[in-house]
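Thanks for coming. I will take a few minutes to go through one structure. Please have a look at it before I start.

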Amino acid sequence: MTELTYRDAINAALYDELDSDPAVFLLGEDIAAAGGVFKVTEGLFERFGPLRVRDTPISEQAIVGAALGAAVTGMRPVAEIMFADFAGVCFDQIANQMPKYRYMTGGQVSVPVTLRLVNGASGGFGAQHSQAVENWFLGIPGLKVCTPSTPADCYGLLRSAIRDDNPVLFFEHKGLYALTGEVDRAATVPLGRADVVRAGDAATVVATQAMRILAQTAANELAGQGIEVELIDPRSLAPFDFDTVSQSLTKTNYLVVIEEGPGRASWATTLITRMVQDHFELLDGPPALISTDDIPIPYAAVLESAWLPSVSEIVTAVRQLVLS
Amino acid sequence: MVPQRRSESPTLEPSAESQVSTDAQLAMLERMHEIRAFEDEIQRMFAQGQVRGTTHLYQGQEAVAVGTCHALRPGDTMTCTYRGHGAVLAMGAPLDRSFAEILGKAAGLCKGKGGSMHLTDVGVGALGSFAIVGAHLPISVGAALSAQMRDTDEVAVTFFGDGSTNIGAFHEAMNLAAIWKLPVLFVCENNLYGEYSPIAATTPVSELTARAGSYAMRSVRVDGNDVLAVHSAAADAAAQARAGNGPTFIEAMTYRVVGHSRSDPAKYRPAGELEEWQAKDPLLLFERHLEASQTATTAEIAAVRERAAAAVADAAARAKQWPDPAVESRFEDVYA
């Protein structure tokens, strides 16, 4: 075990995959000589050279398309989308090409592409560089989606994503890059399995990435008030580990879902629908959805923080639910 | 510093037909006839309601696919558009399983999950037919990158229409292939129409080779109805690519003698245009050439034509008899 930042855990996973599989290579804007605008790929260009760590033009369609073409002809590319919002300019490759290629050809190809997308708010980047865009992709069969929250999950999930023979969208939350934690470089984390971060019986709280970190603070505060919540981090949104949530509900009977986004057409609303549909008898009250305001992400610090869910909002929602 | 090249480079020599053996020329003729007969049969099947959705036919453009693909080697790859039956067959996909795919049969190339717009036969290098204009160009660039990284001399061919040169993916793919000197043949089939619109209404340059100039890419404009001219240009481009000299843009001038898709009667054509191009039909031109150059006799040519027609008729009859996919098979092949 080593203590690493979220950023360095991703770097370590990339390093270890590049080191162990000659088919793995990286491509993206300023990821090589400059080490990435968030410094996630620092040192990899120096270690693995310009053929395997490649700077590209500002051409997201070409980046994703080339990754796809290389993947179906024997390589295992890892492409970076510098800000996840830029997925908008290569949406066709992500939504129409990558996830359907295997299916439309009757299984003639496998598509081992990993896209790393830099996600999330709180840095004052404004409405086009701050979105958590994973929900854009959840209605598309054929994709796998990860949203790690800790250095250990970054490391373990990224290694699993790169080794997976399917297209995986790996979202990194830019607000968490400096977060530190223990990482076991011998361990991978399977895709599609949730983590029970904290056991409790008062309510099941489900959150990802920055919202999970907020929820941990809220859970500690609630524990001080005698309310022990069970905190679940899904880690992967597709496939989604519904079973871990429903099992938790058998114990808690209350569901609170927190999401960094407007709470529409989202993993959180899907989770709530699924639990109400399949496990209505387990619920002692209406599920609570804590989401952002339903507006574009504002720039000014006071506006952006007001837009985001807060610890006090989470504490209040849980208290209302379990004490009602 | 990127070396400057002329956009219409004279480095590609005109057709050196003597390099193509008689057998190879007859094989090309046969493949062209197979494609023509295949497309005619598909048109009939559509008219009879045996085929679903839509289709985009290739009659009149056979020389481009056949001339190009006959310049390739095993290991080379090809991507094409939804007007792709000709290119996939030119790579060597079997006629019967190609029919079966378009008929939605279990034994289709893609198990009935792709259809007319997605014919794919990876085993012969036909990496895919793509139904979003321009989307496959970056994918072929990736196949070429893979070929380069695996240290092979494989090349990647991508076919697309004149209309594709106005979409962003085209420009991103051209640029990336040029800066990385990737072994790509960008084969633009300029059939004068992007869907229902004539090229002059959508594109400010009349010679699309001009677009290669902005990527410092070798380019050549050839008569796309002359299969030997296409073959020669493709062979030269492939040789350059294999030698590590990067991509080439080939503009093959041709004509779509059918409408854009099934529902398009192509009434927008000026009077006389269709007839003018029908007189330059690539099959007619090639047969005339084979006879004039005494490469083949009238009887030999007739035999090729009949063999192709029989092969297509047999394949169609066979494919029609094959069973539909099992309903449960729809859940297969989503994930690896």
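Which domains does the assignment give for chain A? There are two entries: domain 1 covers 2–183, and domain 2 covers 195–323. Before going further, please keep in mind that this is a predicted model.

Let me stay with those two domains. Taken over C-alpha atoms, the centres of domain 1 and domain 2 of chain A are 26 Å apart. In the contact between them, domain 1 of chain A takes part with 24 residues and domain 2 of chain A with 23 residues. On the domain 1 side, strand 6 (144–146) and helix 5 (151–163) of chain A each supply at least two residues. Strand 6 of chain A has the largest share of that side, with three residues. By class, the domain 1 side consists of ten nonpolar, eleven polar and three charged residues.

Now the two chains together. For the complex, the predictor gives an ipTM of 0.96 and a pTM of 0.95.

On to chain B. Its average pLDDT is 93, and 95% of the residues score at least 70. Over residues 1–18 of chain B, however, the pLDDT is below 50. That stretch has 27 contacts in the model beyond near neighbours in sequence. Where pLDDT is low, the predicted coordinates should not be read in detail.

My last item is one residue, L95(B), which lies in helix 4 (residues 95–102) of chain B. Why does L95(B) count as buried? Because 22 other C-beta atoms lie within 10 Å, and the cut-off is 20 or more. Leaving aside neighbours within four places in sequence, its contacts include E34(B), F38(B), L89(B) and V312(B). The C-alpha atoms of L95(B) and A316(B) are separated by 7.8 Å, although the two residues are 221 residues apart along the chain.

Terms used
Residues numbered from 1 in each chain as written. Chains lettered and ligands numbered in written order. Predicted model: local features only at pLDDT ≥ 70, side-chain atom pairs only at ≥ 80, totals over all residues. pLDDT = per-residue confidence, 0-100. Contact = placed C-beta atoms within 7 Å. Domains from an automatic or database assignment. Helix = DSSP H or I, 4+ residues; strand = E, 2+ residues; numbered from the N terminus. Nonpolar A, V, L, I, M, F, W, Y, C, P; charged D, E, K, R; others polar. Buried ≥ 20, exposed ≤ 12 C-beta atoms within 10 Å, placed from the backbone.
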